[in-house]
Amino acid sequence: MTPKEVLNLAKEKSVKMVDFRFMDYPGLWQHFSVPVAEFDENSFEDGYGFDGSSMRGWQPIHASDMLVIPDAATAKIDPFFKEPTLVLICNIFDPLTREPYSRDPRYITQKAENYLKSSGIGDTAFIGPEPEFFIFDDVRFESGRHRSFFSLDSVEGSWNSGREECPNLAYKPRHKEGYFPVPPTDKFQDLRTEMVLVMQELGIEIEAQHHEVATGGQSEIDMRFKPLMQMSDQLMWFKYVLKNVAYRHGHTVTFMPKPLFEDNGTGMHTHLSIWKNGNPLFAGDKYAGLSQQALYAIGGILKHAKAVCAFSNPTTNSYKRLVPGFEAPVNLAYSSRNRSAAVRIPMYSASPKAKRIEFRTPDPSCNGYLAFSAILMAALDGIENKIDPGDPLDKDIYGLPPEELSLIPSAPGSLAQALKALDQDREFLLKGNVFTKDAIDMWIEYKMQNEVNQVNLRPHPHEFYLYYDI
């Protein structure tokens, strides 16, 4: 869509406000709005100023002025605002140099796509994430100096089987038995369908929706694969739509990886394929129908997985899901069937166009622009350097003897470990100036100071259970 076409759309839809959206560095969508009278073709050149020092992980106070410049190709009509509102996703620029901002996640994704093309390996990277999420009815939490707690509730929660509900009609999925019972056990079929329909109205192609394994409303909605930038933008719309549809029905959605103890966590298995001139490059005659390039790509992802986790699993809570000994994909190996391997080759279709690799470690708390770009850069490094992924892991991991299991490398056990890995293994991300040293340093500094250290400093409620009487 061109700027002129965007203006025609605004006129056709009787738009009254124009909403500009962009990412802060950790991964939350930010926005501000202007009356449509303040919006014209010059807006796509001149942009709009804002205070970059108020964005997490961005500018210092003495260099706070920044510009947002809307991308005309991203124009959509917001499905939730009372008044007709045009939404445009923006890129961030320095107002003095007019250079793109190195910590703008969207700019990093643009550079990743450009690096793929310049490498000569391919021209399009297709990304297909499978974001899981929880739907809760009541969420309360507090983190103070003298007390802390969280309390979650759901009409579906197995813990409510004995609650006075006047009447309690039962049909609550037991722990780890939520995949996939029909209603009335599945309470959120209609809600998920509404989420799907809203996204379809926005032009987002949806493949499926269903209940997931955990009790308490865990669900999944899958988008059809799209090119890297388009999917990164879509993931933001995805989270926005799910949260707002749930909110208007008195529910709340979270993408936290592990909100419930002793039940399945929330992942975001991410599918990747690389194409060139309309032809898929990952189909071949090697293991599981893969090409040699695909195997090298797997080698790159496995080699750099610990560093990639700093972006694909970027919260302290992420590592309460990535625990060895469970179904969580912590084993840095690949397989066509083994779901505890970090990389899986889906075998649902024999079509070369469907041949892809699935990185199962990521979770949906991530900033998609950064996570998807890091995964692609790891895969490209594997192809460029012909990194051998080793033999596939087709054995039952749970049945392996300890001495054999110890030979299989594992994903990081904490966010601090992932950030350390990123600090030590960053060269593959710096290729083509995709991730800059400045951007990586700020990511590590922000995450350590604002998340890792803050969690480590606080007493945990379970510590009182364990230690108060010593």
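Visitor: Is Leu 67 buried or exposed?

Guide: This is a predicted model, and in it Leu 67 belongs to strand S4, which covers residues 65-70. Its relative accessible area is 10%, and since the limit for the buried class is under 20%, Leu 67 counts as buried.

Visitor: How far apart in space are Leu 67 and Asp 94, C-alpha to C-alpha?

Guide: Leaving aside residues up to four places away in sequence, Leu 67 touches a set that includes Asn 91, Ile 92, Phe 93, Pro 95 and Arg 98, and also Asp 46, Gly 47, Tyr 48, Gly 49 and Phe 50. Asp 94 is 27 residues from Leu 67 in sequence, whereas the distance between their C-alpha atoms is 6.2 Å.

Visitor: With which side chain does the side chain of His 269 make a polar contact?

Guide: His 269 is in strand S14 and, with a relative accessibility of 12%, counts as buried. Among the residues that His 269 touches, not counting those up to four places away in sequence, are Glu 130, Arg 321, Glu 358 and Arg 360. The polar contact, at 3.4 Å, is between the side chain of His 269 and that of Arg 360.

Visitor: Which residues have the most contacts inside the largest nonpolar core?

Guide: In soluble globular proteins, nonpolar side chains tend to be buried together. The largest nonpolar core of this model has 123 residues, and helix H6, residues 292-312, gives the most to this core, with 13 residues. Among the residues touched by Leu 272, beyond those up to four places away in sequence, are Phe 126, Ile 127, Phe 282, Ile 301 and Leu 376. The residues with the most contacts inside the core are Leu 86 and Leu 272.

Visitor: Why do the buried residues of H4 lie on the same side of the helix?

Guide: The buried residues of H4 are Leu 191, Arg 192, Met 195, Val 196, Val 198 and Met 199. On the other side of H4, Asp 190 and Glu 201 are exposed, while the cover over the buried residues includes strands S7, S10, S11 and S13 together with helix H5.

Visitor: What distance does H4 reach from its first C-alpha to its last?

Guide: H4 has 13 residues, for which 18 Å is expected at 1.5 Å a residue. H4 is followed by Gly 203, whose phi is positive, near 90°.

Visitor: How far apart are the end C-alpha atoms of helix H3?

Guide: Helix H3, residues 105-119, has buried residues that include Ile 108, Ala 112, Tyr 115 and Leu 116, and just after H3 Gly 120 takes a positive phi of about 80°. The 15 residues of H3 should span 21 Å at 1.5 Å a residue, and the distance between the end C-alpha atoms agrees, being 21 Å.

Visitor: Which residue in S9 is the bridge partner of Asp 138?

Guide: Strand S8, residues 138-143, is joined to S9 by six bridges, and the two strands run antiparallel. A hairpin connects S8 to S9 through four residues. In S9, Asp 138 has as its bridge partner Asp 153.

Visitor: What is omega for the cis peptide bond that joins Tyr 179 and Phe 180?

Guide: Most residues other than glycine have a negative phi, and most peptide bonds are trans. In the loop between S9 and H4, where Pro 167 is placed, the bond from Cys 166 to Pro 167 is cis, with omega near 0°. Phe 180 is found in the loop between S9 and H4 as well, and for the cis bond between Tyr 179 and Phe 180 omega is about -20°.

Visitor: Is Asn 277 buried or exposed?

Guide: Asn 277 lies in the loop between strands S14 and S15, and its phi is positive, near 55°. Lys 176, in the loop between S9 and H4, also has a positive phi, near 65°, and is partly exposed at a relative accessible area of 45%. The relative accessibility of Asn 277 is 63%, and since the exposed class begins over 50%, Asn 277 counts as exposed.

Terms used:
Residues numbered from 1 in each chain as written. Predicted model: local features only at pLDDT ≥ 70, side-chain atom pairs only at ≥ 80, totals over all residues. Heavy atoms only, no water. Buried < 20%, exposed > 50% of the residue type's maximum accessible area, 1.4 Å probe, protein only. Contact = heavy atoms within 4.5 Å. Polar contact = N/O pair within 3.5 Å; in protein donor to acceptor, adjacent residues only side chain to side chain. Expected span 1.5 Å × (residues − 1). Pairing = 2+ DSSP bridges. Core = buried A, V, L, I, M, F, W, Y, C linked by side-chain atoms within 4.5 Å.
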